[in-house]
Amino acid sequence: MEKASKKDIRKELSALGSSLPSAGEESPFRVPDGYFDQLPRSVQERLATGEKPRTSWLPVLSPRRLQLGIASLVLLAVFSFGLFFIQKETEQGVLFATEEEESEFYFSMYADLDPFSWYDLVLETDITADELYFGLEEAPYGDPDEDVFLDYLYENLRTFELGAGDYIFP
Amino acid sequence: MYTDEELLDKFFHGDNPAYAFNLIVRKYQQQVYWHVRRLVICHEDANDIVQDVFVKAWKALQNFRGDSGLFTWLYRIATNEALSFLKRKRTRFMLPLVDLERQLSESLESDVHYDGNAIEKKIQKAILSLPEKQRVVFNLRYYDEMKYEDMARVLDTSEGALKASYHHAVKKIEKYIRK
């Protein structure tokens with residue numbers, strides 16, 4: 001492909017009254033050392049094995065989101081602690097008339113958590129997916145997979161018809 | 001370096017198509033990578049997408065009819081893959097556009113593989129504030145110095161629409177930088 005000349009691009013920017021500098025020859029983005037030597041081999045391996053490398057979602061966990069996740073965990077711990085005492089006070093633990101009412105209550109309590117917090121709850125705390133699913137019949141028990149878990153939550157929160165604004169996802 | 005015609009000839013008529021494809025990857029990997037990287041910002045994401053692009057290219061090359069140049073064709077796959085990735089990321093986490101923009105900006109701030117100066121960083125953030133397709137057009141013109149006629153083939157849009165899109169993008173970036 002033949003490139004447009006820098007002069008043409010400069011002229012076009014000037015015609016638009018733009019003071020943007022010309023793009024430098026060198027990109028401000030960097031790659032790890034030797035990346036482009038390795039990339040063709042990685043592609044060949046992908047073609048040979050058909051395996052897709054795991055996409056890293058780590059960059060999505062920005063410091064702000066991490067803080068939100070931690071804050072959510074603290075809130076959850078406080079909530080669980082409080083719930084423990086309420087249950088003790090009621091002795092028999094009869095807080096809800098029906099199982100459905102109980103489930104609705106829990107889901108509404110978790111309504112403000114974002115997906116990262118849910119994921120963190122499952123993967124980084126002692127709380128298991130089973131405990132979060134609250135015994136719903138369709139729950140995909142076993143080791144929680146992020147996709148399965150999030151899909152499950154989407155489906156079931158909608159089942160409970162908490163209202164769009166009340167869902168865990170903002 | 002081989003021309004596209006020579007590479008395609010090796011791929012279709014040579015005795016080792018995998019080797020010919022490897023030469024294609026080597027020839028275009030950097031341009032494809034930088035194009036994708038500017039759209040998704042994060043190196044790890046760009047790396048995944050670029051590999052996907054070449055895997056798809058390998059599968060589809062058998063049916064490549066040469067209506068467009070090899071380079072244009074690869075850019076087209078790369079653009080679609082990068083935009084699909086951003087869309088998936090947005091829907092997966094139910095993010096509105098503005099949150100995705102914020103996320104990408106934050107990635108830029110924390111990216112260990114980015115060392116642009118303050119002006120470059122501001123320009124990048126301004127670019128991230130653009131709608132995705134305008135962002136693609138701006139990057140292709142400003143960074144890749146692509147001619148509008150080639151861009152029209154990559155994005156399947158008229159040259160007039162692309163010029164208008166680029167002009168809007170430049171105006172918005174100027175405004176963002178001045179504020």
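Student: What makes you speak of a kink in α2(B), and where is the kink centred?

Tutor: This is a predicted model, and in it the bend of α2(B) comes to about 55°, centred on Tyr28(B). The angle compares axes fitted to the seven residues ending there and the seven starting there.

Student: Why is α2(B) described as largely enclosed?

Tutor: Count its residues: 18 of the 24 are buried, so the rest of the structure largely encloses α2(B). Chain B as a whole has 179 residues, of which 56% are buried.

Student: How do you know that His35(B) counts as buried?

Tutor: His35(B) sits in helix α2 of chain B. Its relative accessibility is 0%, and buried means under 20%, so His35(B) passes. Leaving aside residues up to four places away in sequence, His35(B) touches Tyr75(B), Ala78(B), Thr79(B), Val136(B), Leu140(B) and Asp144(B).

Student: What makes Asp144(B) and Arg38(B) a salt bridge?

Tutor: Their N to O distance is 3.2 Å. A Lys or Arg nitrogen has to be within 4 Å of an Asp or Glu carboxyl oxygen, so this pair qualifies. Asp144(B) is in the loop between α7 (132–143) and α8 (148–155) of chain B, while Arg38(B) is in helix α2 (residues 17–40), so the bridge ties together parts 106 residues apart in sequence. Both residues are buried.

Student: Why is the pairing of Lys89(B) with Asp45(B) called a salt bridge?

Tutor: The closest N and O atoms are 3.7 Å apart; the limit is 4 Å, so the pair counts. The bridge runs between Lys89(B) in helix α4 (residues 70–92) and Asp45(B) in helix α3 (residues 43–61) of chain B, 44 residues apart.

Student: Are Lys89(B) and Asp45(B) buried or exposed?

Tutor: Buried. Lys89(B) has 3% relative accessibility, and Asp45(B) has a relative accessible area of 2%.

Student: What makes Glu81(B) and Lys56(B) fall into their accessibility classes?

Tutor: Glu81(B) is at 10%, under the 20% cut-off, so it counts as buried. Lys56(B), at 43%, lies between 20% and 50%, so it counts as partly exposed. The two side chains form a salt bridge, N to O at 2.6 Å. Glu81(B) lies in helix α4 and Lys56(B) in helix α3 of chain B, so parts 25 residues apart in sequence are tied together.

Student: How many salt bridges does a search of the whole structure find?

Tutor: Nine, over all chains.

Student: How many helices and strands does chain B have?

Tutor: Nine helices and zero strands. For contacts in chain B between residues at least 6 apart in sequence, 60% join residues at least 24 apart.

Student: Which residues make the nonpolar surface patch?

Tutor: Ile70(A), Val74(A) and Val78(A), covering about 280 Å². Ile70(A) is in helix α3 (residues 63–89) of chain A.

Conventions. Residues numbered from 1 in each chain as written. Chains lettered and ligands numbered in written order. Predicted model: local features only at pLDDT ≥ 70, side-chain atom pairs only at ≥ 80, totals over all residues. Heavy atoms only, no water. Helix = DSSP H or I, 4+ residues; strand = E, 2+ residues; numbered from the N terminus. Buried < 20%, exposed > 50% of the residue type's maximum accessible area, 1.4 Å probe, protein only. Contact = heavy atoms within 4.5 Å. Patch = residues over 30% accessible without salt bridge, like charges linked within 9 Å, V, L, I, M, F, W, Y side chains within 5 Å. Areas by Shrake-Rupley, 256 points an atom, 1.4 Å probe, with all protein chains shown as cover.
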